[in-house]
Amino acid sequence: MRLWDLFNTPPSIQDELLTLALMIKVLIMCACFQVLLKVPVPPLKQTLDTYLKCMQHLVKDEQFRKTKGIVEKFGAPGGVGETLQKKLLERRERTTNWVYDYWLEDMYLNNRLALPVNSSPVMVFPKQTFTDYKDALRFAARLVVGVLEYKTLIDARALPVDFARGQLAGTPLCMEQYYRVFGSYRYPGLKTDMLKVHMNCAALEHMIVMCKNQFFRLDVIANGQQLSEPEILSQLEKIVKMSENTKEWFPPVGVLTSDGRTEWTQAREELTKDPTNRESLALIESCLCVICLDESSRVELSDTNRALMLLHGAGPQQNGANRWYDKSMQFVVGMNGICGVVCEHSPFEGMVMVHCSETTTVTPPSSMAELPAPKRLLWKCNPHIQRLMTSSGDRLQRLVNNLDMDVFKFKVFGKDFIKKQKMSPDAFIQVALQLAFYKCTSKLVSTYESASIRRFQEGRVDNIRSATPEALAFVTMITDERRNFSDAEKLKRLRDAINAQTNYTIAAITGMAIDNHLLGLLRISKELKMEKPELFCDETYQTSNSFILSTSQVPTTVEMFCCYGPVVPNGYGVCYNPQPDHILFCVSSFWENTETSSTVFIKALNEGLLEIRDVCNTICFFKLKEKSTCFSYSSNIITL
């Protein structure tokens, strides 16, 4: 928008634009000094108005009228909303980040679902071709060396500061998440988990290596010196040899961590009754990371199958028990070339996982010394614990059987084509996802797209609500076979949808989205021991927080990709990775729900992307002042 256009807009929009401009100016000023602000608390009226706009087209008219009345009462002068807003502002003053603890508990620690598929994302590394198991171990040794080099940067706090890309590019970002990569552990609890972070990672001097469901302690420091790659390889070879001795096998205790959080808590309590188990648990909980040496599987090494193997290990009979899901980083090296990392999501976001994965370096071999064999972790498992492991394995297998995952590489165009249209690639893809969902269901639903708020101190994420009214207007037009809309009309609706998505994105990354704010108001009401406000009991609020479409952009600079499962039983999980000439999509759903199908969704997504391309490839009659110029262009030629 040009400056003089501002004065031709309604006063309410002027206020919003001026507020946004001021926020951007402050962020840019702080960028010059690399000082991070605290996360702001948005104005109450702004959040309530946005909430109504986000939900009006997603619920029935009668329900919306009821919700509007509830919201107006909540936000009235002297009402409950003002009281909670005042307390939230006070909390902001006395804390570094007013929403961090609330968000962490709501998003992760209070969730009782099993971590694999439901919570833990994975990064699938480029496919490896190993000639034999020693080749795989050499890769694992190089990976361990790369991890140690990355840890050295973290210990020295020598990582270069990240700067924002995309919208509002150039702003420095909070780096605290990086310092939780290796020193974090999620302890299960009956009602809520606990995230413990060892900020002094320099003191962590061992990894846990899992092989054939057995646990081994790998000391990576000997006589004050970091092990060389040949030394690490030698230790890994010893571990493989020790794991082949079936007479010394212990039951697959790792499978317990794949269970629901409450079930795992109860099993852990049983385990800790024995001092031998407590000692083994202490070694796992204090390790730098976990290295999972997986057995070869008998599946085709497609992108989809590699993703599935990392997400759940294909169940307890294959590699599903060769994991310890509470640990923040599990590096998987499969003997058949399936490699990657499984992340416990509560300490950090996906882009931190990407950075760690991409900067793990390969170093040249060095000399080696003779080292004592790694220590096997011991367990004592009574019949009750054995039954618990069997039950955990059964539930893991049901989860494995239920997951419908499809990795789809859209090759017709990538982000370069989108940029040529003067459109945001992320907003373009989000509109395409709305179109795909509408093609499948003839409706839009509450959609989650993670938005980084690392521009602020200890910032994590808020939500970009991509199911905008403008997106609905576009998808209904482009799928309407009864009316013949012009290309210009379709293009206008497309640009409106993309602009709405872009504007909401900017609001979210500058701390002005609604989800964290509403969560904060709810949590403050609980702390004040108030009766739960009607706003949060309303059916519309429940609908707004049931994210049937959960999405995230996780771009990479090398040939790897991220994926995860749906967050609700009747939903889709969609992770996408836009590259210059293609876009990689990882779509997940559950077989048990008859309303969803990853294959059907991908078919609709492919059709939708091509339809949007066709809209972009025909533009007619743009009026500039008194002149009217008609032109059309394709991806190959422009004709004036």
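This is a short chat about a predicted protein model.

User: Before we start, what should I know about the numbering and the model?
Analyst: Residues are numbered from 1 along each chain as its sequence is written, and side-chain values use heavy atoms, with hydrogens and water left out. The model is predicted, so local features need pLDDT of at least 70 and side-chain atom pairs count only at pLDDT 80 or more, while totals for chains, interfaces and linings use all residues.

User: Okay, how many helices and strands are there?
Analyst: The protein has 20 helices and 22 strands. Those are DSSP runs numbered from the N terminus: helices are H or I with at least four residues, strands are E with at least two.

User: And how much of it is buried?
Analyst: Of the 640 residues, 55% are buried. Buried means under 20% relative accessible area, exposed means over 50%, and partly exposed is in between, using a 1.4 Å probe and protein chains only.

User: How do strands 15 and 17 run?
Analyst: They run parallel, with five bridges joining strand 15 (residues 549-553) to strand 17 (residues 572-578). Ser550 stands opposite Gly573 in strand 17.

User: Switching topic: where does Leu433 sit, and is it buried or exposed?
Analyst: Leu433 lies in helix 14 (residues 425-441). Leu433 counts as buried because its relative accessibility is 0%.

User: What does Leu433 touch?
Analyst: Leaving out residues up to four places away in sequence, Leu433 touches Leu549, Thr551, Val574, Tyr576, Phe585, Phe601 and Leu605. Contact here means heavy atoms within 4.5 Å. Also, the C-alpha atoms of Leu433 and Ala467 are separated by 9.5 Å, and these residues are 34 apart along the chain.

User: What about the largest nonpolar core?
Analyst: The largest nonpolar core has 105 residues, and Phe182, Leu293, Trp324, Met329 and Phe331 have the most contacts inside it. Helix 6 (residues 133-155) gives the most to this core, with twelve residues. A nonpolar core is a set of buried Ala, Val, Leu, Ile, Met, Phe, Trp, Tyr and Cys residues joined through side-chain atoms within 4.5 Å.

User: Which residues are in the second core?
Analyst: That separate core of 90 residues includes Met55, Leu195, Ile418 and Phe585. Phe585 is also one of the residues that Leu433 touches.

Conventions:
Pairing = 2+ DSSP bridges.
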